[in-house]
Amino acid sequence: MGQPGFFDLDKRLEAISAKGDPLEALNFIVPFESFRAGIEAVVRPSAEERKSSAGRKPFDAVMMFKILVLQTLYNLADEQVEYQIRDRLSFMRFLGLGLEDTVPDATTVWLFREALAEAETPFERFNGYLEAKGYIARGGQIVDATIVNAPKQHNTRDENEAIKAGKTPEGWDEKPAKNAQKDKDARWTKKNEESFYGYKNHVSVDRKHKIIRRYAETDASVHDSQKLDEILDKSNTSNEVWADSAYRSAETEVKLKGKGYKSRIHRRGARSHPLSERQKAANTTRSRVRARVEHVFADQENGMGGIFVRTSGMARAAVKIGMMNLVYNMRRFVWLERAAGAPG
């Protein structure tokens with residue numbers, strides 16, 4: 001067998017394109033260069049590093065950011081994304097790498113993601129771009145939250161009690177390696193009689209475009225309604241707010257009305273006060289709208305490799321959740337542009 005040449009590689013890439021490479025469309029439609037300034041502000045090398053000729057040159061900031069996009073899109077660990085970049089031509093093309101180019105290793109990816117926590121939020125930057133393209137928030141907003149699973153911790157009961165109290169369990173300070181690997185921010189919660197451990201992703205989605213406009217992250221034990229004020233999007237052209245019955249309370253209804261919003265939150269019955277047929281019918285009507293936010297979470301779960309994080313601690317989970325919401329919006333933007341007949 002002879003050595004593969006340039007035209008052999010080109011034909012292989014053409015075949016991948018013919019099969020409908022989703023990364024090609026993402027690369028063509030999403031303005032990745034627009035993220036450069038915000039990223040380089042926190043990850044660019046120091047003056048001493050730039051003057052030094054020793055060691056390898058730093059990797060391009062936008063390329064590193066696109067690695068995080070790949071990692072989020074396919075829910076890959078750092079070691080897995082390094083391997084997949086080396087193995088998959090579609091990944092290399094997306095990143096602008098040739099077969100002869102150096103691939104960032106897992107540690108480099110980890111360090112870049114750590115630094116990105118201090119950057120101007122890429123989520124807000126991209127949403128500003130979407131609005132400039134005409135995808136403003138319309139039709140009212142739908143709010144909801146989903147559990148983001150995290151690796152379960154094998155702690156003793158006393159250790160868990162100390163963590164809940166905001167303390168470091170006895171003996172952990174003497175074992176820095178163990179302490180660093182423990183997640184002291186994630187929490188347990190129950191949903192439909194099933195226990196989950198991790199965090200929550202609270203979102204507000206506009207009804208018209210089904211784009212995530214605002215979000216907040218918490219540990220899993222925080223009730224969905226506690227972040228309602230924080231994620232409400234004042235820029236939406238409609239004042240209607242949809243949510244499931246978990247958000248319903250007399251206090252919430254008063255707050256929404258006081259801020260000029262029109263509540264479309266599901267009503268819930270009580271044991272002594274069941275819902276009337278009219279109220280049930282109203283809930284059914286509202287469900288048709290509210291279901292659009294479930295489509296968002298379903299896409300993150302099924303189209304992006306699952307809703308979970310491998311990191312430990314709230315700060316790192318926040319970066320991962322932010323990337324999850326950003327990449328969803330990128331995918332949604334590509335779909336909207338194609339539906340509108342845009343090239344690519």
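The dialogue below works through how to read several features of this predicted model.

User: What conventions apply to the numbering and to the model?

Analyst: Residues are numbered from 1 along each chain as its sequence is written, and side-chain values use heavy atoms, with hydrogens and water left out. The model is predicted: local features need pLDDT of at least 70 and side-chain atom pairs count only at pLDDT 80 or more, while totals for chains, interfaces and linings use all residues.

User: How many helices and strands does the chain have?

Analyst: Helices (H or I, at least four residues) and strands (E, at least two) are DSSP runs, numbered from the N terminus. The chain has 15 helices and six strands. Its C-alpha trace spans about 80 × 60 × 45 Å along the principal axes.

User: Which share of the residues is buried, and what is the accessible surface of the chain?

Analyst: A residue is buried when its relative accessible area is under 20%, exposed when over 50%, and partly exposed in between (1.4 Å probe, protein chains only). Of the 344 residues in the chain, 45% are buried. Accessible areas come from the Shrake-Rupley method with a 1.4 Å probe, and for residues only the protein chains shown count as cover. The chain has an accessible surface of about 19,000 Å², and carbon and sulfur atoms account for 49% of that surface.

User: What share of the contacts joins residues at least 24 apart in sequence?

Analyst: Contact means heavy atoms within 4.5 Å. Taking the contacts between residues at least 6 apart in sequence, 70% join residues at least 24 apart.

User: How many charged side chains are there, positive and negative?

Analyst: Lys and Arg count as positive and Asp and Glu as negative, while His and the chain ends are not counted. The place of a charge is taken as NZ of Lys, CZ of Arg, CG of Asp or CD of Glu. There are 57 positive and 49 negative side chains in the chain, and 7 Å separates the centres of the two sets.

User: Which residues of H14 are buried, and what covers them?

Analyst: An α-helix has 3.6 residues a turn, so residues three or four places apart point the same way. In H14, the buried residues include Asn-283, Arg-286, Val-289, Arg-290, Val-293, Val-296, Phe-297 and Gln-300. Their cover includes strands S1 (141–149), S3 (194–206), S4 (212–219), S5 (240–243) and S6 (262–265), together with helix H15 (314–339).

User: Where is Thr-311, and which residues does Thr-311 contact?

Analyst: Thr-311 is in the loop between H14 and H15, and counts as buried because its relative accessibility is 12%. Beyond its neighbours within four places in sequence, Thr-311 is in contact with Arg-113, Pro-151, Asp-183, Arg-316, Ala-317 and Lys-320. One of these partners, Arg-316, is found in helix H15. Arg-316 is partly exposed because its relative accessible area is 29%. Leaving aside neighbours within four places, Arg-316 is in contact with Trp-110, Glu-114 and Thr-311.

User: Which values of phi do Glu-193 and Lys-210 have, and is each buried or exposed?

Analyst: Glu-193 has phi near 65°, a positive value in a residue other than glycine. Glu-193 is in the loop between strand S2 (187–191) and S3, and counts as exposed because its relative accessibility is 72%. Lys-210 has phi near 60°, also positive in a residue other than glycine. Lys-210 is in the loop between S3 and S4, and counts as buried because its relative accessibility is 12%.
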